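Please find below a colleague's note on the structure.

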Amino acid sequence: MGYIALPRRLFLWSMALIYMSAFVSLYMQIPGLYGNDGLLPARKQLRYSGDRSLWAQFQSSPTLLWLSPKLGLSTHTSVELLCLAGAAVSLAATLLEPLRDSLVFFFLWLVYLSLYQVGQVFLYFQWDSLLLETGFLCVLVAPLSLVRGSPRAEREHDRVTFWLLRWLLFRLMFASGVVKLTSRCPTWWGLTALTYHYETQCIPTSLAWFAHQLPVWWQKLSVVGTFVIEIPVPFLFFSPLRRLRLGAFYLQVLLQVLIILSGNYNFFNLLTLALCLSLLDDQHVNFWLRKPQTSNGSQSKLWSWLCYLLELAVWSGLIFGAIVCFDLQLDWAKKSVSSRTAFTFHQFNQLLKTVTIPCIWMGLLSLFWEIVSSMFRCACVEGFFKRFLSTLQWMVFGAAAVAMVTISLVPFTYLEHDSGARLWPVVRRAHQAVDRLQLVNSYGLFRRMTGVGGRPEVVIEGSHDRVTWTEIDFMYKPGNASTPPPLVTPHQPRLDWQMWFAALGPHSQAPWFTSLMYRLLQGSSDVVELLQADASRYPFHAQPPAFLRAHRYKYWFTEPKEDGSYPVSWWRRVYVEEFYPTVYLGDPFLENILYQHGLKDKSSPRRTSNATVPRAVQWLRSQVKGQSAPVLIWSLLAGSAALCLCLPWTPSLRPARPGAAQQGESNGTDQDATPGAATPPEEGGRSEEEEGEEEVYKVKPEESEDEDKNDPGDEEQQQEEEEEVYKVKPEEGEDEDKNATGDEEQQQQEEEEEDECADVPRKMDASGMRKCK
């Protein structure tokens, strides 16, 4: 694999953007979710005790919120302060590359982990766990530029830590494909899952309505494509052939983009796309940037043809395997493709048992190769102290990579029980020791397809007289049949998401729903803002409802009319049953559930402090109150992107070490240490603009030298001028002269001067540059 300086920089920049989106999205919902008058107050999750040390409290629940009493802050204020700090630091890291540092990412990871510990059910999503795991890997991938300086320097062990992202991407995608079949969901096995998915997902987009109208044969073929991209293609992540990895990259990007267009999955798909950058190298990023590349002439044509044949065999094998496993047949009469699952659950389970352990060995072998190649790069560093420091860093980060892969084997083997039982007990104990830190997790998205008989939705109704009832709409989830599905990515409205889960079962499985009914009866403005950011759109903004109830409906996407025109409504619905009985403040049924689940206690929250920090937090909250979270997030993203484009951009350069030209034989390129070069040597050559700048820089002295050469009496000055010419690389000087004149006589004179200089001992001028190469 080539150099990975540019993909690593893109990944760290993407992670700063994703962190900012996650923090801002959560900040906008904190009062309604975790405030003192919110659904699940955060203060109830932390029991401060004076008889336990701070370290003991942190071990029981690793969160910075334990510092709140020592700082004189309430838990609610501390939660908002942490979210603001995370958003500010991630925004700064987006704009300033030196802040994309290991220490900065450690701070962001620790802040999000602290919020995760008190987030309860509203923060227990797989993408939150994925953000924590990826965020911790950022600590290993990012440089220590704040301490060491040289933020653009590429370290010898970078490919080892960057490889961990590829391993995480493999576990995520492979597990997501496998669980769809191990769950025995009839829609996945019947290849009909996507005929239900678009209308039954949590928060669909408007494009989901159009995707739902696609013919059934296309939906089934799309399921086949999903299985291929998620199960066999991830094995190509570890291919030694570069083009196979690039093909796998573009297939993953295709899948994630289609998911983003059809569903609102917050920052999850953006996070997956960031992980996909681990499949790239500098050469391909430069191809995107349209930078000139140098061809590797050392590669023989025979080897190139063998690589092409092997790649063709791999892609042909994938296509042939998909045709056989899913019995794909082309129907020319109907102009469609028929498909069905041609294997049984037992056969797939046996295959899974066969490949799980080899998957682990494949990952370990790939990691071993990266570690060994990094060791050889450390051995090529000139200078004893630099070599010792590089080797020490290689040992530390290599051990960290091995440890991360080892503990990740436990959640990975959840896919197949027998493989998990074969792991060493010490591996499971190590995983249990760090489990609360969310360093590694198990994944498996869309395990089962819900809503096959219709999308279940809970609709809350309020009344002042128990006679006239008014429905309470949410901003994002389906409610009013005429409201089009919104586009809210990367914001995640966490209450709307939990409403989707609540509709799948009885209200007793979602105790927070009782808290929602209680707060709406109280008229809590913080909770109302979760439903409608614009208070005027809330039907009971003038006076809270006296009575509340909830019913369950089933929703379906509408169908186009017979004449091909689009219907007025996006949804059609049918009443199913009562979900929550009619309640009012003081109702015994309501009070009993509140006390049963600890949602109502007698302890009053701490008084609001008049200190500077709480007042500043309250003032900032008043400025964003009533604002739309998606608009705010996209404004920050657009502003950050615009500023990044306006700021001067300099690509990363590998540090020019003494003797770099001698040790560059490992990659077949020379180390170019020309000041102001805009393309690193491993990225393949320089642009025409940069060559022009260098030509101007070196032509001016030559022009002055030509004037001096007109003086026939100054032979010593003429000799110095001839030596000055050879400061330019021979091949560059020849190209410039050929393009300038094309005079054969001048070329012959230059060759004679070069031979003359070859006999002169190598000397150093005042600038330290060799006079003759």
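1. Where does Arg 290 lie? Arg 290 is in the loop between helix H16 (282-288) and helix H17 (301-325); helices (H or I, at least four residues) and strands (E, at least two) are DSSP runs, numbered from the N terminus.

2. This is a predicted model, in which local features need pLDDT of at least 70, side-chain atom pairs count only at pLDDT 80 or more, and totals for chains, interfaces and linings use all residues. Residues are numbered from 1 along each chain as its sequence is written, and side-chain values use heavy atoms, with hydrogens and water left out.

3. Most residues other than glycine have a negative phi, and most peptide bonds are trans. Arg 290 has a positive phi, near 60°, and is exposed, with a relative accessible area of 65%. Buried means under 20% relative accessible area, exposed over 50%, and partly exposed in between (1.4 Å probe, protein chains only).

4. Asp 327 also has a positive phi, near 50°. Asp 327 is placed in the loop between H17 and strand S1 (329-331) and is partly exposed, at 22% relative accessible area.

5. The peptide bond joining Thr 489 and Pro 490 is cis, with omega about 10°. Pro 490 belongs to the loop between strand S4 (470-472) and helix H22 (494-502).

6. Cys 83, in helix H5 (residues 75-95), is buried, with a relative accessible area of 0%. Leaving aside residues up to four places away in sequence, Cys 83 touches Phe 23, Leu 26, Tyr 27, Ile 30 and Leu 115; contact means heavy atoms within 4.5 Å. The C-alpha atoms of Cys 83 and Ile 30 are separated by 9.0 Å, the two residues being 53 residues apart along the chain.
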